[in-house]
Amino acid sequence: MSWTRHLVRRALPFAALAAIFAIQALADAQSVVAFPLYLAVVLVVALQQNRGESLAVAVIAAMAVVLLPLATGHTSELLPAVLLAAVLLAVAATMAELTRHMRDAASAEQRRLDGLVASERRLRAMVEAVDVGLGLAELDGTWIQVNEPLAALLGRTRDELLRTTVLGLTSDEDRSSVEGALALLRAGDITHWSADVEQLKLDGQPVPVALFMARIPGASAGASLVVQATDLAARRRADAMRDGIAAVRQALITSAAVGTAMPEVLEALRNYLGWSRARYWARDAEMPAEGLVGRVVQSGVLAADRFTVAFPVVDSGEVVGVIELASDQPRTPLDDEVTLLATAGVEIGQFIRRAETAQALRRSEADHRAIYERSPIGIARISADGELLEANPALLHMLDHDQETMRASAWPDILHAYDQAAARSRKASFLAGITDGSSVQVRAATGAGNWLWLQLTATSIPDPRGRLEHVLVLVEDVTAVRETSDRLAESLEAQREANANLEKLDRTKSEFLSIVSHEFRTALTGIQGFSELIRDGGLEADELRAYGGYIFNDADRVNRLIGDMLDLDRMESGRMTMRTADVDINEVLAEAISRAVPSAVTVEFKSDFDPRLPIVAGDRDRLIQVVSNLVNNAVKYSPEGGTVTLSSRVEGRFALLSVTDTGIGIPQDEIGHVFERFRRVRSGAAQSIPGTGLGLTIVKQIVEMHGGKIWVESAVGHGSSFHFTIPLAPEGAGALQLRHG
Amino acid sequence: MADANGAAPTRTITVLVADDNEVAQRLCKRVLEKAGYAVLIAADGLQAVDIALAQRPAMILMDVAMPGIDGLEAMRRIKAEIPGMPIVIASAHSMASDRERFLAAGADNVLSKPFRLADLIAIVQSLTGAPTV
């Protein structure tokens with residue numbers, strides 16, 4: 001349709017021109033007459049159509065004006081017609097130019113308008129889209145325009161809001177301040193104002209907002225106010241969440257153990273996020289299998305109902321616990337809170353692992369430290385170049401040094417001793433190479449100056465790359481052990497000696513038995529032989545007498561032998577009791593002489609007594625036995641005409657008694673043995689002298705039982721001198737003098 | 001030997017008694033002389049050797065425990081000179097081991113002291129034969 005109309009509209013000017021031409025031709029009218037009609041068509045087209053079209057119409061009209069005079073031959077009319085045609089063309093061109101200018105101007109204006117509209121639309125969209133409440137109000141606070149967030153913030157529709165005022169929404173407490181602010185703004189005293197105030201929703205619920213008002217100058221209607229209201233609750237919530245997570249992190253950072261961190265974490269969550277109660281359920285503890293907490297444990301995600309929210313504490317994807325937050329008011333956690341709690345759950349989980357690891361490490365460290373500190377064994381930590389790094393209390397106590405003395409002097413000494421001991425046992429020196437576990441014992445002085453035996457056992461401690469970092473030396477005081485083992489060795493040695501002595505004793509006993517049996521059998525030879533002769537009869541009377549004498553002598557000898565042996569045995573076994581009393585030893589010597597004289601007619605006795613000799617303490621009978629024995633020996637070994645001299649004198653606290661003969665003397669090789677049993681000097685002239693061989697042994701025993709000594713001086717051919725000492729009685733001198741007096 | 005000696009009308013067999021004990025000397029002398037032997041006496045080892053080598057008795061009755069050299073040493077010296085000299089060790093060392101010791105040292109027989117007089121005569125006779133009285 002429009003296409004047809006368009007075509008009609010396009011064709012119409014040309015049709016009009018054709019009609020004018022036809023009428024002119026029919027009427028044979030002059031061009032001047034038709035000219036206004038043509039002009040009219042050209043003008044109309046020029047105003048309405050586009051430039052090309054209007055020019056085409058003008059050209060055709062011009063041609064029509066010129067064509068008719070040509071066709072009719074009115075040459076006189078040709079020139080005016082041409083002029084008229086030119087006028088038509090000129091008019092058309094001018095009009096076309098004019099129209100173009102007009103159209104350009106119109107389109108420019110249109111574009112400006114379009115831009116304004118778009119800008120306005122964008123601005124409005126922006127105002128609606130921002131998350132703050134924005135509005136425009138009169139200077140008296142009457143709303144002119146509000147955005148949707150402002151309406152939502154204040155709990156109203158936009159239309160409801162437009163029926164109120166800024167002041168009308170303000171709660172009673174804040175009304176005066178807002179009122180004052182409006183007055184100041186109205187008066188132009190201030191250009192903007194802001195404060196946190198409480199606005200009221202439609203239902204009367206208070207809404208905390210940050211209110212900002214600014215005066216903007218207006219064109220005709222005067223100034224107005226831009227009002228911005230920000231939801232403080234949301235901002236406070238965001239702040240609270242930010243502060244809450246910060247507090248949780250703070251608690252995690254500053255606490256060392258889960259036990260101290262968790263209460264702070266729970267308190268932070270409860271406080272900042274506005275929950276009434278917070279509780280932590282550790283996985284291994286009393287975590288319930290059912291309910292919200294149980295659900296979180298099993299699913300590992302946050303769960304919530306209208307009063308409670310629970311979120312997992314996660315470590316490496318595993319739920320190690322659940323934190324449960326409970327509220328007295330119904331509330332559903334928003335997305336950002338959910339995100340926050342999930343994040344907190346991960347951070348708390350990581351902290352728990354860190355804390356447990358750290359605690360385990362600390363415990364391990366503490367255990368080792370305790371071992372080190374409390375070990376009864378000394379422990380020294382030594383650097384790779386032998387310097388003492390640390391000595392434990394046991395070591396310091398053992399050696400009675402403080403740490404500094406230990407480091408400066410005692411340890412270097414020990415190290416030196418170690419190297420010496422190691423060298424002796426062909427081990428490496430301390431720094432040359434630690435043979436782990438091998439021990440060396442050294443002597444070391446304590447601070448108090450005692451010497452200890454220390455057993456050092458070194459162990460090298462490598463660093464993670466295997467190089468020697470330091471050396472641990474265990475130091476044990478083995479002094480007691482060493483002393484015990486030394487004593488043990490001593491007692492073993494003593495035992496060995498005792499065994500040897502026992503063996504010797506055993507041998508001695510065998511020898512003794514052998515000797516004794518020999519002595520007896522020798523004596524019995526005569527007794528048995530001569531008694532057999534007598535028994536067999538046929539003897540002369542003098543023979544009988546002689547043989548009886550032999551038998552008697554040998555029997556007597558056997559008897560003496562037995563007596564001597566029993567005496568000796570009693571003395572040696574300590575069974576002989578001494579009847580100690582005050583004894584005048586000079587008197588003992590005199591009695592021995594008087595006993596010997598009757599049977600010793602061939603020798604002369606001399607006495608050389610010290611008359612002031614004090615009393616001695618002794619057993620008188622035993623002392624007589626000693627002197628008699630020595631005297632009998634002296635007589636036995638003296639030739640006819642010999643002299644036996646008995647003397648006494650004081651020698652210190654002892655009485656020194658001597659029996660000296662002028663007899664045959666004792667050979668040099670025998671003199672050391674005269675006091676041994678059955679040692680009789682048999683050589684030379686002594687061979688036929690009878691005796692039991694026990695006399696001098698018994699004499700020596702008796703003298704020693706008195707606490708004295710006996711010895712002999714002798715030379716072959718010059719006689720012998722037997723000397724012995726007997727202790728003086730404590731009060732002897734006085735007693736003797738009394739008696740002599 | 002007894003047969004050969006038996007041809008002689010009078011024959012004296014001499015026994016040397018070496019003993020440091022006078023009682024033993026007298027006993028042996030008395031018993032052996034009564035049995036028809038001639039008896040020489042030595043009071044110690046050296047004397048025994050001297051007399052044995054000088055007098056060449058038919059046999060020797062030798063004590064062991066004597067001053068100077070003992071009977072065994074004296075026996076060794078005598079046997080070194082006169083290997084065939086019969087020597088009886090007469091000792092109061094009368095343990096079994098002593099007897100072995102004396103025989104091993106070269107004794108022809110051993111007589112333990114104290115002894116029966118008949119044993120003394122028997123042991124002398126066994127080595128010298130009976131004297132003609």
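Me: Before we look around this predicted model, what counts as a strand?
Reply: Strands are DSSP runs of at least two residues, and they are numbered from the N terminus. In chain A, residues 643–651 make up one of them, and Ser648(A) lies there. That strand is S18.

Me: Is Ser648(A) buried or exposed?
Reply: Buried means under 20% relative accessible area. Ser648(A) has 4% relative accessibility, so Ser648(A) counts as buried.

Me: Which residue has its backbone nitrogen 3.0 Å from a polar atom of the Ser648(A) side chain?
Reply: Leaving aside neighbours within four places in sequence, Ser648(A) is in contact with several residues, including Asp608(A), Phe609(A) and Asp610(A). The backbone nitrogen that lies 3.0 Å from a polar atom of the serine side chain belongs to Asp610(A).

Me: Turning to salt bridges, about how many helical turns separate Glu267(A) and Arg270(A)?
Reply: The side chains of these two residues meet in a salt bridge, 3.1 Å from N to O. Both sit in helix H10 of chain A, and because they are 3 residues apart, the separation is about one helical turn.

Me: How many residues apart are Asp108(B) and Lys79(B)?
Reply: Asp108(B) forms a salt bridge with Lys79(B), with the closest N and O atoms 2.6 Å apart. The pair links distant parts of the chain: Lys79(B) is in helix H4, while Asp108(B) is in the loop between helix H5 and strand S5.

Terms used: Residues numbered from 1 in each chain as written. Chains lettered and ligands numbered in written order. Predicted model: local features only at pLDDT ≥ 70, side-chain atom pairs only at ≥ 80, totals over all residues. Heavy atoms only, no water. Helix = DSSP H or I, 4+ residues; strand = E, 2+ residues; numbered from the N terminus. Buried < 20%, exposed > 50% of the residue type's maximum accessible area, 1.4 Å probe, protein only. Polar contact = N/O pair within 3.5 Å; in protein donor to acceptor, adjacent residues only side chain to side chain. Contact = heavy atoms within 4.5 Å. Salt bridge = Lys/Arg side-chain N within 4 Å of Asp/Glu carboxyl O.
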